[in-house]
Amino acid sequence: MVFDLTDEQRMIQETARNFAQKEVLPKAADLDETGRFPEDLVRQMAELGFLGVAVPEEHGGAGMDNVCYAIAMEEISRACASTGVIMSVNNSLVCDPILRFGSDDIRREYLAPLASGRKLGCFGLTEPGAGSDAGAQKTTAVRDGDSYIVNGTKNFITNAPQADTCVLFTMTDKARAHKGITAFVVDMKWKGVSLGKLEKKMGIKASATSSIIFEDVRVPAKNRLGNEGDGFKVAMSTLDGGRIGIAAQAVGIARAAMEDALAYSRDRKQFGQPICEFQAIQWMLADMATEIDAARLLTYRAAWMKDRKMRHSKESSMAKLYASEVAMRAATKGIQIHGGYGYIKEYPAERHFRDAKITEIYEGTSEIQRMVISSALIKG
Ligand code: CAA
């Protein structure tokens, strides 16, 4: 077993860390305060190849592996979780399914612009009545000659307001339940596509989330991802990869909480000494650091398995479940170590807490991850 990063993995870690510290971190508090979409950072990430890390170069990506992707995600999210999720959605939930399920024509037309970051994507799975129960899709796609007519509403869609392209899930045959779901690549500028309400969120405020309404949208049949009825498997296998990205995001947030608390505990003096001299603080820091390492190792394992095209549903869910809960625990302890200063906006501790919470919810709640893990155990 080798725990060393490869030269390429070390290189992306250094590049991502430098960029995150110099460019992203100084803007993070303002992005959180204003909820402004970080267009400038997204453009810079595109130049660095961060919007299609594991997409082969021939398709416009950086041609690296999924461990590199997890490493870069952690560094960006360590500085700003909002910027992290914008990156994660484009990489895992948009480029990845187009790469794996798109025809040559679809890849040529859509993948290179997305992987190079000239365009941005979103993932249209969730609906008002289909959250955890992703199979309960109500958006319909009805065949009409060489196209489909799509009607329905998607909600809580990350990146929707800025997205050029949507990987969209629809019901083409209701009688077949989840086997009647079909996925498409849809241009957000097509007639009949409009944005709904922009959500006001607790955290990751600079990542825009809104609903998308589809009214008689004509989608060419050639834009289908896979065959009719393959959509649920497209969605689930895409989320297997997406959960690695969110696990890495959670590790980044947890690290931010821990590193900020460590720095504060060295500076802050009470009872005549820095508070890091007190065992109560030391034990919290030790637990945070240990859990963060464990979460990162689970995340790297899932990414390593994806690189080897091994089934990694259970391992991705374990990484996402554990890392997101570690992020919440680290963010809670981070505030505790800051005391009253942790509860006010002068320090980033309270932002880490608000940002951490979503990692236990999106791309499958912790309860759904436990379902995936236990179902894999039971099936053997
Ligand atoms: N890969 C391939 N196929 C898979 C699969 C996977 N990972 N998981 C399941 N399948 C297949 C099964 O083999 C089965 O196939 P057959 O019908 O041929 O036997 C089929 O899919 C149905 O499987 P299940 O019976 O396990 O399905 P289920 O209805 O019980 O649901 C679930 C499973 C795990 C609960 C699933 O619905 C789920 O993951 N829900 C959560 C949805 C989610 O994560 N949403 C996130 C939205 S995106 C987002 O959040 C983005 C963002 O904002 C950043």
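Where in the structure is N227 placed?

1. N227 sits in the loop between β8 (224-225) and α6. Helices here are DSSP runs of H or I with at least four residues, strands are DSSP runs of E with at least two, and both are numbered from the N terminus. N227 has 48% relative accessibility and therefore counts as partly exposed. The classes are buried for under 20% relative accessible area, exposed for over 50%, and partly exposed in between, using a 1.4 Å probe and protein chains only. The C-alpha atoms of N227 and F101 are separated by 9.2 Å, although these residues are 126 residues apart along the chain.

2. A word on the basis of this note. This is a predicted model, in which local features need pLDDT of at least 70 and side-chain atom pairs count only at pLDDT 80 or more, while totals for chains, interfaces and linings use all residues. Residues are numbered from 1 along each chain as its sequence is written, and side-chain values use heavy atoms, with hydrogens and water left out.

3. Helix α10 covers residues 366-379. Its 14 residues should span 20 Å at 1.5 Å a residue, and the end C-alpha atoms are 20 Å apart, which agrees. The expected span is 1.5 Å times one less than the number of residues. Just after α10, G380 takes a positive phi of about 80 degrees.

4. Which residues of α10 are buried? They are S366, I368, Q369 and I373. Seen down the axis of α10, these buried residues fall within an arc of 170 degrees, so they line one face of the helix. The arc is taken from the directions that run from the helix axis to the C-beta atoms. An α-helix has 3.6 residues a turn, so residues three or four places apart point the same way. On the face turned away from the buried side, α10 carries the exposed residues E367, M371, I378 and K379.

5. The buried residues of α10 pack against α6 (231-267) and α8 (313-338). For α8 and α10, the packing angle is about 145 degrees and the axes are 9 Å apart. Axes are lines fitted to C-alpha atoms, for helices over the stretch in contact, and angles run from 0 to 180 degrees between N-to-C directions. On the α8 side, the residues making the contact include S313, S317, L321 and E325. On the α10 side, they include S366, Q369, I373 and L377. Contact means heavy atoms within 4.5 Å.

6. The largest nonpolar core has 55 residues, and I98, F123, L125, V167, F169, M288 and I337 touch the most other members. A nonpolar core is a set of buried Ala, Val, Leu, Ile, Met, Phe, Trp, Tyr and Cys residues joined through side-chain atoms within 4.5 Å. Among the elements that give two or more residues to this core are α4 (81-101), β4 (165-171), β5 (181-187) and α7 (279-307). The most comes from α6, with 13 residues. Another core lies apart from this one; it has 36 residues, among them F19, V67, Y69 and A303.

7. Leaving aside neighbours within four places in sequence, I337 is in contact with A261, Y264, S265, I275, I281, M284, L285 and M288.

8. F50 lies in the loop between α2 (39-48) and α3 (66-79). Not counting residues up to four places away in sequence, F50 touches I12, T15, A16, F19, M45, I76, M87 and N91.

9. S92 is placed in helix α4 and counts as buried at 5% relative accessibility. Its contacts, leaving aside neighbours within four places in sequence, are Y69, P97, T238, G241 and G242. E14, in helix α1 (residues 7-34), counts as exposed at 54% relative accessibility. E14 and A72 are 58 residues apart in sequence and 9.0 Å apart in space, C-alpha to C-alpha.

10. N159, in the loop between β3 (147-158) and β4, has a positive phi of about 75 degrees although it is not a glycine. N159 is buried, with a relative accessible area of 0%. A177, in the loop between β4 and β5, has a positive phi near 50 degrees and is likewise a residue other than glycine. A177 counts as partly exposed, at 40% relative accessibility.
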